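Let's take a walk through this one together, starting with a sheet and then moving on to the domains and a few backbone details. Have a look at the structure first.

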Amino acid sequence: MNSSAPRPATLCAHGGQRHEARKGNQPLQPAIAQTAVFELGTAADAEAIFSHARDGYAYSRFGNPSVDALATLLAELEGGAGALVTSSGNAATLCAITTALDGRTGPLVTHPDIYGGSFELLRILSSVYRVAVEFADPSREETWLAAVSRAGAVLVETPSNPLMRLIDIERTAQTARIAGAPVIVDNTVATPMNQQPLSRGADWVVHSSTKYLNGHADMIGGCLVSREPLTSRHRAIHKNLGGTVNALDAWLVHRGLRTFPLRMEAHNRNGTAIAEWLQQRREIARVFYPGLPSHPQADLFRRQMSHGGGLLSFELKGGEPAALRFIDRLRLIVHAVSLGGTETLATRPSKTSHRGMTPEARQQAGIGDGLIRLALGIEAVEDVIDDLEQAISET
Ligand code: PLP
């Protein structure tokens, strides 16, 4: 084995810490640097730190050892050259959009079926700051690539939350490159275990680390990972937008990452098993899961992703009334927003995560009131099936 490139499971199990870097007789787990400020030392030390002549810390919004340890591991997992850690997924999206559009004049091109919070953020950016945002439909390839070729930057979410539609990262990035437009991929739903956007030509990956990366639903956080080395301009935008993370939350993601590959195996297994189970039930009208051979983009799935992940959506034949009954009957599955934790969660996106979209935008995105989203956890799949069985029953 090449000791300089451990596999993801090994990298995560060691929290990104390399044998060569271990100093001996130190805490095995990294300390939580719970501080706002750092002593600067002498006047010469302060000058060296602030002029970046040498590494050092001054103030936790600018940098913090707990946050840096997490950033190093995140960059490695995504195959990037650097990562910036943020206080939420939305803060990461804002920071990525700002860096990607910096110095560019074209619009931000994206698609309507993105996470509802990202959609709301874009509406605020366009109404308050007059950022030009153009929505195009990636399923109409010619129109999509034409929009990408005019873009200042491109934001895609693939698979999209909650409809699990895929966007061809490679084709999008090829067109965007000619236009000089950076491509940002929200990789929250797929995770770096199932999809590596940077290796397909994306420039930035963003995450809500609240989800699979932390994996325990006990903090809110995000990150952006860059294919190219981070510049002082990127760091300046990150620190001055202000959405940096605190040491404890960074530590919680770092701790969660130790079991991330193992957890993803269970999420992938349960996602596939439940999608297959739902698909054969007569009560179910449609299942949206990229790992199903019947998914309309099965070819792209095979090229772009290694596994289908833990998120899926479905519609019951009984429509909205059946969806309401389903939610109220759940016994094991928890009626709650979010995804990526250990427990299986169910929601109706039109009434929760995507409520802030206009009804027209929801309709355009295909998010109806009867749609149910399941975020599979890591439980024994038989128990999840038992609960689904009694909840979808028409009697
Ligand atoms: N991106 C996706 C795909 C999400 O599902 C979410 C949250 O659900 C976000 C971004 C925003 O993340 P956060 O809630 O951590 O700000």
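Start with the open sheet of five strands: its order is E8-E9-E12-E11-E10, and the pairing is mixed. Strands here are DSSP runs of E with at least two residues, while helices are runs of H or I with at least four, and both are numbered from the N terminus. Two strands count as paired if DSSP finds at least two bridges between them. In general, strands of a sheet pair through backbone hydrogen bonds, in either a parallel or an antiparallel way. At the edges sit strand E8 (284-288) and strand E10 (334-335), each pairing on one side only. E8 runs antiparallel to strand E9 (residues 311-316), and four bridges link the two. If you'd like one of them to look for, find Ile284, whose bridge partner in E9 is Leu316.

Before going further, a word on what you're looking at. This is a predicted model, in which local features need pLDDT of at least 70 and side-chain atom pairs count only at pLDDT 80 or more, while totals for chains, interfaces and linings use all residues. Residues are numbered from 1 along each chain as its sequence is written, and side-chain values use heavy atoms, leaving out hydrogens and water.

Now zoom out. The chain splits into domain 1 (36-256) and domain 2 (259-393), with bounds that come from an automatic or database domain assignment. Their C-alpha centres are 26 Å apart. How many residues are in contact across the two domains? On the domain 1 side there are 39, and on the domain 2 side 43, where contact means heavy atoms within 4.5 Å. Together the domains bury about 3,300 Å², with 59% of that on carbon and sulfur atoms. Leu166, Asn194 and Tyr212 supply 24% of the area that domain 1 buries against domain 2, more than any other three residues. (Buried area is the accessible area, taken with a 1.4 Å probe, that two parts lose on being put together, summed over both.)

What else joins the domains? There is one salt bridge between them, meaning a side-chain nitrogen of Lys or Arg within 4 Å of a carboxyl oxygen of Asp or Glu.

H5 gives the most, with five residues.

A cis peptide bond joins Thr158 and Pro159, with omega about -5 degrees. Pro162 is in the loop between E4 and H7 too, and a cis peptide bond joins Asn161 to Pro162, with omega about 15 degrees.
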